[in-house]
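Where does a ligand sit in a protein, and what surrounds it? Take a look at the model below with that in mind.

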Amino acid sequence: MTLAETANNTNSSNPFLTLNYESALESLGHDYYDEVAAAEFPQHILRWRNDALLPRLGLNPQIVKDEDFITAFGKFQGRKPLLALRYHGYQFGEYNSQLGDGRGFLYGQVRASDGQLYDFGTKGSGRTPYSRGGDGMLTLKGGVREVLAAEALHYLGVRTSRCLTMIETGLSLWRGDEPSPTRSSVMVRMGSSHIRFGTFERLHFFQRPDLTKKLLDHVIEQYYRHLVAEKDKYALFYAELVKRVAELVAQWMAAGFCHAVLNTDNMSITGESFDYGPYAFIPTYDPYFTAAYFDYYRRYCYSQQPSICQLNLEMLQEPLKAVIEQRDLDAGLASFGEYYQAEYRGLMLKKLGFEQLPYPEADELLHLAIAFLQKSQVGYHQFFYEMARTFSHKWRDEPASVMNDSDIVPALGAAAAIFDNWCVLYHKILNYFDPDDMENIAKTLAVYNPKTALLRPVIESTWESIAESDNWQPFYDLVEKFQLKH
Ligand code: AMP
Ligand code: MG
């Protein structure tokens with residue numbers, strides 16, 4: 001057998017290469033992408049394989065070999081074309097026409113067992129026409145951080161892309177924000193679409209309403225399929241996008257997640273969360289908490305996320321005007337606040353133990369909880385976890401028994417007064433329920449308030465094990481913990 005034949009042999013038995021790839025985006029034509037080649041790497045060490053995703057691709061994790069991941073997603077053998085997608089975007093409020101996939105490409109699109117079309121999108125796979133001064137690479141720490149964010153958010157119920165695989169690639173990279181030289185990786189993301197708000201903004205920039213309409217038809221056909229036959233499908237699409245984005249940002253807020261870089265090139269047209277760079281989970285409830293060190297004016301701080309997403313949706317109207325009436329766009333956006341509030345309220349009440357809380361006190365309970373968290377600066381995740389950990393049917397007996405087994409309760413000060421009021425109200429609400437309902441409340445608290453939070457010190461200590469002793473076990477253990485409901 002010749003060398004070429006051996007390679008072909010490996011490829012034909014590689015289940016990733018024989019998936020039923022669809023050319024949905026490719027068939028839109030060259031106005032939307034450039035064909036590129038992947039970088040060749042000196043090393044390929046598989047660091048992450050997301051076996052949980054494989055059954056959705058019709059693959060049995062038992063029979064997919066590590067080598068299959070490496071051949072497909074580290075060496076990029078046997079798959080063409082690889083498409084660097086074209087897009088622009090507003091970055092920190094400024095329009096940037098020099099964007100596009102600068103260190104990634106669309107590897108392929110696959111219809112999963114849920115009937116939805118998914119992208120395999122790379123990050124750190126080499127230079128493209130859009131790399132500008134960049135090296136086209138992803139640091140290993142960047143890869144680790146994105147795997148962790150996506151898995152944590154997924155198990156917290158946030159609608160997010162996930163990482164299919166991450167492979168260490170043996171290069172030394174130089175970065176201003178990591179001790180350098182630092183190790184390199186290539187990551188493959190599985191998500192609903194890599195079409196961004198900025199993909200439409202670029203078409204508007206070049207004054208191509210024809211291409212805008214073509215892309216919009218594609219988006220509706222693939223990702224808003226139930227609207228295809230509707231007479232006013234374009235207006236309905238925008239209204240639904242508004243709803244999806246409002247719900248997504250509510251999910252981030254309830255999870256205590258700060259995305260950090262809500263530029264319009266990081267906003268998916270399907271309303272899915274993706275692209276995790278300098279993100280952070282809030283340690284305490286601080287509205288001004290800002291995750292990116294370069295976000296000098298706190299534009300994307302924790303509490304600004306809903307209004308920034310709303311603003312991004314508003315700016316998206318500019319390109320969409322080519323196809324959708326302004327009054328339809330206005331009507332669609334007008335519901336943002338309502339959708340956001342409904343989702344946020346529902347999620348927070350679940351964190352407080354209630355699947356349903358049809359009592360007028362619900363809003364006051366939530367308001368007091370937030371006021372207490374802000375005033376006390378008790379850990380955001382810790383507070384809810386402690387509720388779940390210490391919940392007892394005895395909390396029905398008297399207000400002073402609420403959370404009295406927890407040591408996070410402040411003894412003095414303004415926060416204590418708020419906490420006391422919150423306890424009185426929580427006790428009162430518990431007494432609206434039957435004693436038999438206490439089990440359900442305990443269960444709801446446990447499901448929505450996991451023990452493990454992906455706070456920065458947790459990420460850093462996980463990374464330290466990798467950086468100092470190449471010990472990956474804490475990383476794998478951490479991912480496992482996201483799945484646990486205590
Ligand atoms: P991000 O902040 O990851 O969303 O990236 C913003 C833009 O910068 C995108 O167009 C990226 O493709 C590009 N970019 C980020 N890092 C690099 C890099 N190391 N090399 C080339 N392009 C990059
Ligand atoms: Mg990005």
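Predicted model: local features only at pLDDT ≥ 70, side-chain atom pairs only at ≥ 80, totals over all residues.

Start with ligand 1. There are 15 residues around ligand 1. G100, G102, R132, D135 and G136 come nearest. By type, the shell around ligand 1 holds three nonpolar, six polar and six charged residues.

Now look at single contacts. At G102, the backbone takes part: one of its N or O atoms lies 2.7 Å from an oxygen atom of ligand 1. At R132, the side chain takes part, with a polar atom 3.0 Å from an oxygen atom of ligand 1. D275 also has a side-chain contact. An N or O atom in the side chain of D275 is 3.1 Å from an oxygen atom of ligand 1.

How much of ligand 1 does the protein cover? On its own, ligand 1 has 480 Å² of accessible area, and the protein covers 79% of that.

Step back to the space around the ligand. Ligand 1 sits in the largest pocket. The volume of this pocket is about 1,400 Å³. Its lining counts 47 residues. Nearest the centre of the pocket lie R103, K123, D177, G277 and P278.

Which elements build this lining? Strands β8 (117–123) and β9 (138–139) each supply at least two residues. So do helices α3 (140–155) and α14 (456–469). The lining of the largest pocket divides into 15 nonpolar, 16 polar and 16 charged residues.

Next come the cavities. A cavity differs from a pocket in that a 1.4 Å probe fits inside but cannot get out. How many cavities of 30 Å³ or more are there? The count comes to three. The largest cavity holds about 170 Å³ of space. It is lined by 15 residues, and L156, H381, P450, T452 and A453 are the closest to its centre.

Along with α11 (380–390) and α15 (473–482), α3 gives two or more residues to the lining of the largest cavity. Helix α3 also supplies at least two residues to the lining of the largest pocket.

The lining of the largest cavity has 10 nonpolar, three polar and two charged residues.

Key
Residues numbered from 1 in each chain as written. Chains lettered and ligands numbered in written order. Heavy atoms only, no water. Near = heavy atom within 4 Å. Polar contact = N/O pair within 3.5 Å; in protein donor to acceptor, adjacent residues only side chain to side chain. Areas by Shrake-Rupley, 256 points an atom, 1.4 Å probe, with all protein chains shown as cover. 1 Å grid on protein atoms, 1.4 Å probe; cavity = no way out; pocket = protein on both sides within 12 Å on 5 of 7 lines; lining within 4 Å. Sits in = over half its atoms within 2 Å of the grid points. Nonpolar A, V, L, I, M, F, W, Y, C, P; charged D, E, K, R; others polar. Points joined across faces, edges and corners; volume = space filled by probe spheres on them. Helix = DSSP H or I, 4+ residues; strand = E, 2+ residues; numbered from the N terminus.
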